[in-house]
Amino acid sequence: MNKIEAKINEIYDSLILDNNESLSILIGSCGVSMFKFHYFKFFNSSLSIDEYANSLQEIAELAIQSPYPSFCTGKAGINWFFSYLHKNDYLEDEDLEAICDDNDRLAELCLEYLKKNNYDFLHGSTGIAYYLLYTDYERNLNLFYTFFEELNRIMKEGSSMIPHYNPITNKLESEKINPSLSHGLASILKVSVQCFKQNICKKEAGKMAYLIIDYLLSNSNFDKSICYYASIIDEKNDKFSRLSWCYGDLGIGYILFQSSLVFNDDKLRKFSLEILTNSTKRRSKESTGVIDAGICHGTAGIAYIYNKMWASTKDLIFKDACDYWISKTIEFSTYTDGVAGYKKYNSISKNYENSFGILEGAAGIGLVLMSYLSGDFSWDYCLLLND
């Protein structure tokens, strides 16, 4: 058994007991269960499969009463997880219907969020819409027409582009634009491209996609030696952004690359590859801002995107970058009281703390390591990275 497989096993052992207070897909029990599902698949093992089924039953029973609708912390993400199990022939039709019997209500809440200008992927409208695209879009086609109408309304109020939504004040900040994958334009672009691919509101989706693409093409940093995009775009250009899934060049560049393939746009493909190739040069702490191993803003998320770029392009520069960041992911496992040695950095408390889920914790790191060895990327819809 190699070092990476040993680390995957260590993560599994650390996650046998579910220590999550949340049921959610990105920070809670559903994310841990996603890791376990792929762990059994990766090792071709039936070990503890009955125990796994029992834990899913418990999650399903508790999830029905989940008070939150969002994708990151609530029912949209939970429903997506069970829909994923159903598509992988692990869940019966009637079980899925019982768990996901609130899809119509989620569609209503999706539009309620958007009418209040909350288009956030992790915590607002875009995440719920993206879940419904995965499983129940035929019943909710009108939702997507209204979704794009509301986005256009928000854009008109912000003049040239959809302005930054501040989740603390619940207000739009018209002088700022958030280009990120976790909370901003790149997530809306991804939803638009997904609608276009699925022939849903194709005209509206294509128009929105190119409005965002044209904006991003025209509003990169003047000095691109370190990064192409600021975390927040305002009147001051050339600001730093970290190398990560959540903010900065990596997530934005990857969605632009995917968009170029869907729209068969050679100019956009060249530009996106320029962004992503440049990002591979960034490896120091100062140039990346990387201080932990999680997917959201750490080494695992970086390695995963480069792994997908290597799979798509067969360009060795991406394989080398992936290998480098995988090795760094292993190296970050240093805490004797961590989850398989891992802790996430909490930017609010300024402390390192244990985290079990997909977005910032050990389950996500384990999924990335398994994908690195197997080439199985089938689980990454929850991160907006699906092909």
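In this predicted model, Cys 296 is buried, its relative accessible area of 10% falling under the 20% limit. Cys 296 is found in the loop between H13 and H14, and, when its neighbours within four places in sequence are left aside, Cys 296 is in contact with Ser 244, Trp 245, Cys 246, Leu 359 and Glu 360. His 297 lies in the loop between H13 and H14 and is buried, with a relative accessible area of 11%. Not counting residues up to four places away in sequence, His 297 touches Arg 242, Ser 244, Cys 246, Val 290, Asp 292, Tyr 345 and Glu 360. With Asp 292 there is also a polar contact, made between the side chain of His 297 and that of Asp 292 at 3.2 Å.

The UniProt record, an unreviewed entry, lists Cys 246, Cys 296 and His 297 under "binding site". These residues span 52 residues in sequence, yet no two of their C-alpha atoms are more than 6.2 Å apart, so they gather at one spot. From this set, Cys 246, Cys 296 and His 297 are taken into the lining of the largest pocket.

At the start of H15, a side-chain oxygen of Asp 315 reaches to within 3.0 Å of the backbone nitrogen of Ile 317. Along the helix, the buried residues are Phe 318, Ala 321, Cys 322, Trp 325, Ile 326, Thr 329 and Ile 330. The buried residues of H15 pack against several other helices, namely H1 (3–14), H12 (266–279), H13 (285–288), H14 (299–313) and H16 (362–374).

In soluble globular proteins, nonpolar side chains tend to be buried together. The largest nonpolar core of the model has 132 residues, and those with the most contacts inside it are Trp 80, Phe 82, Trp 245 and Trp 379. Leaving aside neighbours within four places in sequence, Trp 379 is in contact with Met 34, His 38, Trp 80, Tyr 84, Ile 295, Tyr 304, Ile 358, Leu 367, Val 368 and Ser 371. Phe 82 is, in turn, one of the residues touched by Cys 30, which also touches Leu 23, Ser 24, Ile 25, Ile 59, Ile 78 and Phe 81 when residues up to four places away in sequence are not counted. Cys 30 lies in helix H2, formed by residues 29–42, and is buried, with a relative accessible area of 0%. Between Cys 30 and Ser 55 there are 25 places in sequence, and their C-alpha atoms are 9.9 Å apart in space.

Asn 264 is exposed, because its relative accessible area of 65% is over 50%.

Note on methods: Residues are numbered from 1 along each chain as its sequence is written. This is a predicted model: local features need pLDDT of at least 70, side-chain atom pairs count only at pLDDT 80 or more; totals for chains, interfaces and linings use all residues. Side-chain values use heavy atoms; hydrogens and water are left out. Buried means under 20% relative accessible area, exposed over 50%, partly exposed in between (1.4 Å probe, protein chains only). Helices (H or I, at least four residues) and strands (E, at least two) are DSSP runs, numbered from the N terminus. Contact means heavy atoms within 4.5 Å. A polar contact is a pair of N or O atoms within 3.5 Å; within protein, one must be able to donate a hydrogen and the other to accept it, and residues adjacent in sequence count only if both atoms are side-chain atoms. UniProt positions are given in the numbering used here, feature names are shortened, and annotations may be inferred rather than shown by experiment. On a 1 Å grid over the protein atoms alone, a cavity is a set of points where a 1.4 Å probe fits but cannot get out, and a pocket is an open set with protein on both sides within 12 Å along at least five of seven lines; lining residues have an atom within 4 Å of a point. A nonpolar core is a set of buried Ala, Val, Leu, Ile, Met, Phe, Trp, Tyr and Cys residues joined through side-chain atoms within 4.5 Å.
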